[in-house]
Structure formats: C-alpha cells, structure tokens
Amino acid sequence: MSDHEQYAGYLFVYFTDDGKGGGEEIYFALSKGNDPLHWQELNGGEPVLTSRLGEKGIRDPYIIRSPQGDKFFLLGTDLKAHEDGNWQRAVTEGSRSILIWESQNLVHWSEQRMLEIAPPGAGCTWAPEAFFDVDSEQFFVYWASRLGEQESVGGKGRYHRILVARTKDFVHFSEPEVYIDLGFSVIDTTVIRANEKIYVLIY
C-alpha cells in the first residue's frame, strides 16, 4: 500500500462565528476521500476543542505536523471576540498569548496550553501559523500584532505587523521579532517552503 492509499481524506479544522457570542470553538470535518468539495462533520457536529484559558475563545486554528510525522500541533488565537462585542479592545488590548494543543493521532488531544509570545505593547496576537525550517531544525511561529504609536498620516504609526518566534517544542520560544512590515496592516499570512524556496502568501 502506498503512502497516499493510507490517507482517509483531508481534515478541515475550523471555527464558526455566529456573531452572538457562540462558535468560537474548534470543529473538525473530513473530506470524502480525495474530494475537497464534500465534507462530513466529525464529533456529531459538536466542538472538538474548547478553550478554557485566557479569553475562553479560540479563533484562526492552524495545524502543523512534526517533521518526524509522529505529532500534530494545533495553534489558535486567544480571542473571545463576542464576549463584549468590542473589537477596538480586541485590537488594542487583546491577549498577547497563543493557544496550543498536541496530538499523536488527531483524535486524542493534550491539555490546552496558553503561551505569551507577543512583546509588551502588542495590541493583540492574531492568526498564528508555523512552518518547519530544515536548516535550523526549528519551527517558525508567526502571527499578527498591532505595534507602534498612534495612527499617523501616510500609513505609518500603529498597525499590524507579522512577528515571528522560533521553537523546537512549542513550549520554549525565542524572543519575538518583526518578520514582515509592509508599512500598513497585514494580518493573514501563510508561509510555505517548497523546492528549496520559501513562499509568503499575504491576504
């Protein structure tokens, strides 16, 4: 049996947002084989993971597999956006932590961890993702934080930059650094390494 024949399908990891204080939890769905257009909700359509730390909400889930293939890490934003409906607070005074779970089989998950990785003064820590750097044998974990002084003319001032911290175990992290700064807010970023090149998608 080839490696491809062992796969059951694509795993879709997502959160919902009903705008009324619900849905900021993690759900799973499985594709029907090699068909990314048809999905079956797992766990009876109920949340698979619920945050009990920080703001007690989780958004923007991202899952990455270890290079050895023996473990999965699920990252998420520590944010309960509809607790008070105050997005200004979420942007300027939000959590500086990310949420982390581990699993060996995508079925049984570790206890939740919450790790503060954004620097003091960061307004939020949104949409964490990661990629494994084969040269340094570390994971690069990157996210969006709102940094700088108050808004100013010309797009400078306080806006979202992409920050990065490095880790080997998702427990101990290096000091955060600015990774991408375009002079205006950027939040959703994906980094892919393929064919000895690194591709950065900003959207």
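Biologist: Which residue forms a salt bridge with Asp133, and how far apart are the closest N and O atoms?

Modeller: Arg193 is the partner, with the closest N and O atoms 3.0 Å apart. Arg193 lies in strand E12 (residues 189-194) and Asp133 in strand E8 (residues 126-133), so the pair ties together parts that are 60 residues apart in sequence. A salt bridge here is a side-chain nitrogen of Lys or Arg within 4 Å of a carboxyl oxygen of Asp or Glu. Helices (H or I, at least four residues) and strands (E, at least two) are DSSP runs, numbered from the N terminus. This is a predicted model, in which local features need pLDDT of at least 70 and side-chain atom pairs count only at pLDDT 80 or more, while totals for chains, interfaces and linings use all residues. Residues are numbered from 1 along each chain as its sequence is written, and side-chain values use heavy atoms, with hydrogens and water left out.

Biologist: Is Asp133 buried or exposed?

Modeller: Asp133 counts as buried because its relative accessibility is 9%. Arg193, at 28%, counts as partly exposed. Buried means under 20% relative accessible area, exposed over 50%, and partly exposed in between, with a 1.4 Å probe and protein chains only.

Biologist: How many salt bridges does the whole structure hold?

Modeller: A search finds 10. Another of them pairs Glu116 with Arg96, at 3.4 Å between the closest N and O atoms. Glu116 belongs to strand E7 (residues 113-116), whereas Arg96 is in the loop between H1 and strand E6 (97-103), 20 residues apart. Glu116 is exposed because its relative accessible area is 54%; Arg96, at 22%, is partly exposed.

Biologist: Turning to the rings, how many aromatic pairs are there?

Modeller: The structure holds 13. One of them is Phe132 with Phe139, an edge-to-face pair with 5.1 Å centre to centre and 65° between the planes. Rings of Phe, Tyr and Trp (its six-membered ring) pair if their centres lie within 6.5 Å; planes under 30 degrees apart count as stacked, over 60 as edge-to-face and the rest as tilted. Phe132 is partly exposed at 22% relative accessible area, while Phe139 is buried at 4%.

Biologist: Which residues form one aromatic cluster?

Modeller: Phe73, Phe132, Phe139, Phe170 and Phe173 do. Phe170 is found in the loop between E10 and E11 and counts as buried, because its relative accessibility is 0%. Phe170 also has a positive phi of about 60° although it is not a glycine. Most residues other than glycine have a negative phi.

Biologist: What reaches the backbone nitrogen of Phe170?

Modeller: The side chain of Thr167 does, at 2.8 Å. That is a polar contact, a pair of N or O atoms within 3.5 Å; within protein, one must be able to donate a hydrogen and the other to accept it, and residues adjacent in sequence count only if both atoms are side-chain atoms. Thr167 lies in strand E10 (residues 159-167) and is buried at 1% relative accessibility. Leaving aside neighbours within four places in sequence, Thr167 is in contact (heavy atoms within 4.5 Å) with Gln138, Phe139, Val141, His172 and Phe173.

Biologist: And Ser31: what does its side chain reach at Gly33?

Modeller: The side chain of Ser31 reaches the backbone oxygen of Gly33 at 2.7 Å. A polar atom of that side chain also lies 2.7 Å from the backbone nitrogen of Tyr10. Ser31 is in strand E2 and is buried, with a relative accessible area of 4%.

Biologist: Where does Lys56 lie?

Modeller: Lys56 lies in the loop between strand E3 (39-41) and strand E4 (58-65). Lys56 is not a glycine, yet has a positive phi of about 65°.
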